[in-house]
Amino acid sequence: MKRKIMDQSKGSEIRSAIEELSVMVKVIGVITLLQAENGDRDAAAFNISHDAAHIPTRPFLSLCYFLLQVLDKIGPTMAVLRQDIHQNIRRLETRHEADPSTYSNMVEVLKTEATDGTARNITSCSRAFVWLTRSLDFTAELLKHLAVNPGQNMKEAVEESYNLTLKPWHRWISSAASKVALMLVPDNETFISSLMAKDESYDNLKVEMETLVSLLVPYLEQIHSILRFYHLDKLKAN
């Protein structure tokens with residue numbers, strides 16, 4: 001798959017992510033509306049709607065590249081997490097490239113591995129998808145912290161976001177490593193400045209962060225619903 005990396009010019013990442021998400025939300029909304037019109041309301045139909053769910057693969061991976069750009073701005077403290085995310089992105093890209101028409105929908109990947117019995121394997125695409133989703137949870141939580149409380153200590157914001165989204169699924173070694181990494185987190189002002197476009201005010205950035213979070217959180221909730229359907233929501237790190 002030819003990588004679709006968001007515009008990396010200074011301060012463009014959040015705006016690009018908003019544009020990407022807006023398109024995906026519209027696609028998912030149309031599919032949900034069609035399912036509702038077809039009467040998908042009882043328990044059996046609930047399963048059918050999840051089985052027929054659509055998570056466009058390329059836009060999802062584009063969002064994950066946005067995540068990498070955010071982690072780059074946090075700095076070397078996120079190097080290990082960044083490496084894991086990049087490996088997971090490449091795993092999904094490789095699967096997509098093998099059959100672009102079939103795997104243009106991430107749910108088809110989950111179906112295939114569920115049928116094959118490989119979904120819980122260490123190198124499965126399902127596992128990669130789970131961890132990329134959780135990493136996007138971390139990003140949404142961090143941006144929400146900064147938008148609500150811009151004066152919050154950056155180390156505290158990162159730690160609280162990590163504790164809520166990633167720590168419950170990490171083994172103790174990963175958790176211990178994260179405590180060491182927190183010592184290298186940049187200060188609040190440095191990080192926020194790195195997110196701003198040239199000549200952009202903080203008020204504008206705050207609106208963009210709030211907009212992104214308002215789109216990202218329900219999108220991720222839909223993904224988590226699909227992960228529960230495929231019994232992948234409780235996977236822990238190896």
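Colleague: Is Arg15 buried, exposed or partly exposed, and how should I read its relative accessibility?

Modeller: Arg15, at 37% relative accessibility, counts as partly exposed. Please keep in mind that this is a predicted model, in which local features need pLDDT of at least 70 and side-chain atom pairs count only at pLDDT 80 or more, whereas totals for chains, interfaces and linings use all residues. Residues are numbered from 1 along each chain as its sequence is written, and side-chain values use heavy atoms, with hydrogens and water left out.

Colleague: With which residues does Arg15 form salt bridges?

Modeller: Side chains of opposite charge can pair when their charged atoms come close. The rule applied here asks for a side-chain nitrogen of Lys or Arg within 4 Å of a carboxyl oxygen of Asp or Glu, and by this rule the count comes to 10 salt bridges. One of them joins Arg15 to Glu208, with the closest N and O atoms 2.5 Å apart. Because Arg15 lies in helix α1 and Glu208 in helix α10, this pair ties together parts that are 193 residues apart in sequence. Helices here are DSSP runs (H or I, at least four residues), as strands are (E, at least two), numbered from the N terminus. Arg15 also forms a salt bridge with Glu200, where the closest N and O atoms are 3.5 Å apart. Since Glu200 lies in the loop between α9 (188–195) and α10 (202–229), and Arg15 in α1 (residues 13–37), the pair ties together parts 185 residues apart in sequence. Arg15, Glu200 and Glu208 are thus linked in a network of salt bridges, in which Glu200 is buried at 11% and Glu208 is buried at 12%.

Colleague: How are the rings of Phe229 and Tyr230 arranged?

Modeller: A pair of aromatic rings is described by the distance of the centres and the angle of the planes. Rings of Phe, Tyr and Trp (its six-membered ring) pair if their centres lie within 6.5 Å, and planes under 30 degrees apart count as stacked, over 60 as edge-to-face and the rest as tilted. By this rule the count comes to two aromatic pairs. The rings of Phe229 and Tyr230 have centres 5.0 Å apart and planes at 90 degrees, so the pair is edge-to-face.

Colleague: Where in the chain is confidence lowest, and where is it highest?

Modeller: The predictor's confidence in each residue is given by pLDDT, from 0 to 100. Confidence is lowest in helix α2 (residues 43–51), at a mean of 48, and highest in helix α5 (residues 106–116), at 96. Over residues 40–48 the pLDDT is below 50, and this stretch has six contacts in the model beyond near neighbours in sequence.

Terms used. Buried means under 20% relative accessible area, exposed over 50%, partly exposed in between (1.4 Å probe, protein chains only). Contact means heavy atoms within 4.5 Å.
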